[in-house]
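Here are my notes on the model you sent over.

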Amino acid sequence: MNKKDSYNNNYNTNWKNRWFIVIVTLAFLFFPFIVKSNYIIDVAFFFGVYTLLGLSLNVVLGEVGLFDLGHMGFAAIGAYTTAILNTSFGIPVLLLLPVSAIAAAIFAYLVCSPIIHLRGDYLCIVTIGMGEIIRLTLINNPFGITGGPNGIFGICFPSVGNLFVIDSCIKYYYYIWIVVGLSVIALINLQNSRIGRAWNCIREDVIAAEATGIDVRHYKLLAFILGAALAGVGGSVYATKLMVVSPESFIFMESCLLFCIVLIGGMGSIPGIFIGAAAISLFPEIFRPFAQYRMLIFGVAMVLMMMFRPGGVWPRQRGKLQTESMLIKAGKSEI
Amino acid sequence: MKGKILEKENNIDRFTDEVVLKTDKLTKRFGGLVAVDQIDLTVKKGKISSIIGPNGAGKTTVFNVITGIYQPDGGQYFFKGEKISGLKPHQILTKGIARTFQNIRLFQNMTCLENVMSGQHARSQSGVWPSIFRFPFQTREERKIQEVAEGRLEQVGLGPYKYELAKNIAYGNQRLLEIARALASNPDLLILDEPSSGLNDKESEDLMNFLNEIIKKDLTILLIEHDMNVVMGISDWVTVMDEGKKIAEGKPEEVYSNPVVIEAYLGKEEEEDM
Amino acid sequence: MKLIIEQLLNGLTIGSFYALIALGYSMVYGVMKLINFAHGDLFTLGSFVGYTLLVMGTAYVTSIFGIWGGMIAAMLVAAIIIGSMGLIVERLAYRPIYPAGRLPAVVSALGVSIIIQNSIMVIWGARPQAYTSDVIPNYMLNIAGLRINILQIIILLLSFLFMGILYYIIQKTTFGAAIRACALDRETAALMGININLIIFFIFALGPALGGTAGVMVGMYYRKITFIMGWNYGLKAFTATILGGIGNIPGAMLGGLILGMLEMLGSVYISTAYKDVFVFLILILVLIFRPTGILGEKVAEKV
């Protein structure tokens, strides 16, 4: 086998099942036209938001193995950046998308630098604390900019001047899913690069990674920064859909849900994130008739899930892709 | 047994007296215990040097300090004349020192190829944006990383296991995989911590022949070993440690028959008779 | 001066709640290396159990035993029920998952937390419930010019009693030494002949039992209980655990008390609104500058 062939083989690990990807992409594209109900399209929108947030946490938790239970805090930073800058200064929402990402990224850099060296469980607790600090600070309306417990309302529609305005359910649907699509491409490229490899090495064995020449501190921080940026984007899109942001949306429970999305799907597995996000966002819908018992059933499902499929529903496939790997593999956790 | 190991070749390259690694009164304490006590070590270029000694002598601790995993409590150490005391492990690797571990530390859930490719991490530069957008520079670099890694895998004989997960291959092969990963960074000094531990005689012999082979390519090797055949068979220079101190050093034959060394391992002559 | 002492007492009271809950976290984390997220909710369950017994069953309990008897009965019942719950949770939701690794265990713990919390909501309703005043001892004492509620004194006394007993067990008995050994190195302890199952029984029964008792006390002290209060208390209690040194049981007690005092100071001198932020900031600072906690020890990893 000549060298180029072998290289492409390795790279194509994730792209190999092209047909599957094509079909899924088409399904997403035509979904709103098949389904007429705005309600369902809205559900699909939030499915998209959770997918994006799940992907953002995946960078930190799935790829590097850092326990981050405060990730919604970054989404909150993104959401509030968009809300504040839009309602106070009238800056167009679409422009604020990258701004929110950068704001969250800078925040992550400042806040995570001193704590990045902490061991797994301690980092977990600190991230919980961070998330809570962010939420509590938002509630308390420092300098009068965050609107307190009621939050900020009146966020504009995303638009390009007067030409193109995103103001309907369908348009929002495509908005989020295009963002998700682009993110997925970027993340897969990262997975297949030395950056992604470095991250996975850190997850597998920190000491060996360091001894192999990987600057562990730098890459951990990088993961947080990228994960925060992506979460910031998710927060921004979420804010423009709701047109209101309030601290209620960013409680600890939401961070837990993100955590579960990554775990349920399979750490580091991008298709798995989709499944996890679907489970998290569709689950409450399916069980709506049982309103009171919804979360209860959800909790039971979590425990059972860990009992029988700790590796996740769709664990990450590595190496030469064989046909069997398309099927769901029974999982002993790969941690 | 000694005769089974191939005779070393007298290679022109190995006549040099250049010092590659030097420690100067290196000391490391853990609480009240002095694990490494003012060790002076000298490793010459192109040679295979060994550190031996009973369990708990502090050999691995010396490695851990030199490779930056522990900070020294006293003394300094130099690589190719440059002071490297206190550098972090990834910086030490960049300088040209690669290592393996006593308890194999592979990236278990990654493929053999990916494990070895990680060795090339420090020798490549592509950052986040080039990786996301797959700039031509980055794709070329990726290809090169893969080529180097495949080359090293072939070199240790693990070519067929390219896409196997590291945790799934045999123990002996895992040791070789770790060495391949270390070699992938093209080091000047290769530090091996008990490379033949867990290997049977045949595997040890193959490993030793392999080490003899790669030494020709401008590489220096420093190893910790318990297996005397290995030590005597391929070492050019042996340093003996006991309880944190250096108690003897010299050519293998000299050390082998040194009563101080024998005593450290076996206890005094009279005690044996009891 | 008077105010300071009163604040001190308040801080100590809050601190003892945190300490009692923190003990449960510390014991479980120390031995099993598992953050038992469900612990905070078990504590909440305890307060609701007490509520049921006292308020809903007022006719039976308080009339027979009187207010003090009622309180003791409530704490006893809560301790027994919550202790049993702790064992059940361990057996059903944690034990099968240990082999799968730390991360699935964390998720499972979160799942159990959600289950307990929502069960409370289903059973007792989403609205806050209240310990009515007829079941709570309410008697102001006048000591040296200070007006102190007797409830506070009793709570402090009981808490310190429990902590003292536990301290004695952990530090002075062989069994306690076994627990400490497990917290340092579980596998070796098992190899040395320590009965791990007994230890697990102890920590998963006693920890939650103490938490349940604390739940009743919190119900009596604050009067209002909600089904979601477990998370806030749990998080702070875990902060206390870290503050004192993880896996260190006297440390958890100390951490809890100190945290209570700090929270009190924070709410008085900084602002009530930001008092929780203050607490979490402390957590983060401790972890950055003294990750082993006040009483903790560094454990080196063999490379």
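1. Chain B first: the model, which is a predicted one, gives this chain eleven helices and ten strands. Its radius of gyration is 19 Å, close to the 19 Å from the globule rule for 274 residues, so chain B is as compact as a globular protein of that length.

2. On overall dimensions, the C-alpha trace of chain B spans about 70 × 40 × 40 Å along its principal axes. Of the chain's 274 residues, 45% count as buried.

3. How much of the contact set in chain B links residues 24 or more positions apart? Taking contacts with a separation of 6 or more, such pairs account for 68%.

4. Over in chain A, have a look at helix α5 (residues 93-112) and helix α10 (residues 216-242). Their axes are 7 Å apart and they pack at an angle of about 145°, with α5(A) passing α10(A) in a right-handed crossing. On the α5(A) side the contact includes Leu96(A), Leu97(A), Ala104(A) and Phe107(A), and among the α10(A) partners are Leu221(A), Phe224(A), Ile225(A) and Gly232(A). Sorted by class, this contact has 18 nonpolar residues, five polar ones and no charged ones.

5. Next, where chain A meets chain C: 34 residues of chain A are in contact with 35 residues of chain C. On the chain A side, α6 (120-139), α11 (252-265) and α13 (294-308) each supply at least two residues. Which helix gives the most there? That would be α6(A), with ten residues. By class, the side of chain A that touches chain C has 25 nonpolar, six polar and three charged residues.

How values were computed: Residues numbered from 1 in each chain as written. Chains lettered and ligands numbered in written order. Predicted model: local features only at pLDDT ≥ 70, side-chain atom pairs only at ≥ 80, totals over all residues. Helix = DSSP H or I, 4+ residues; strand = E, 2+ residues; numbered from the N terminus. Rg over C-alpha atoms; globule rule 2.2 N^0.38 Å. Buried ≥ 20, exposed ≤ 12 C-beta atoms within 10 Å, placed from the backbone. Contact = placed C-beta atoms within 7 Å. Axes fitted to C-alpha atoms, helices over the stretch in contact; angles between N-to-C directions. Left-handed = near helix turned anticlockwise from the far one by under 90°. Nonpolar A, V, L, I, M, F, W, Y, C, P; charged D, E, K, R; others polar.
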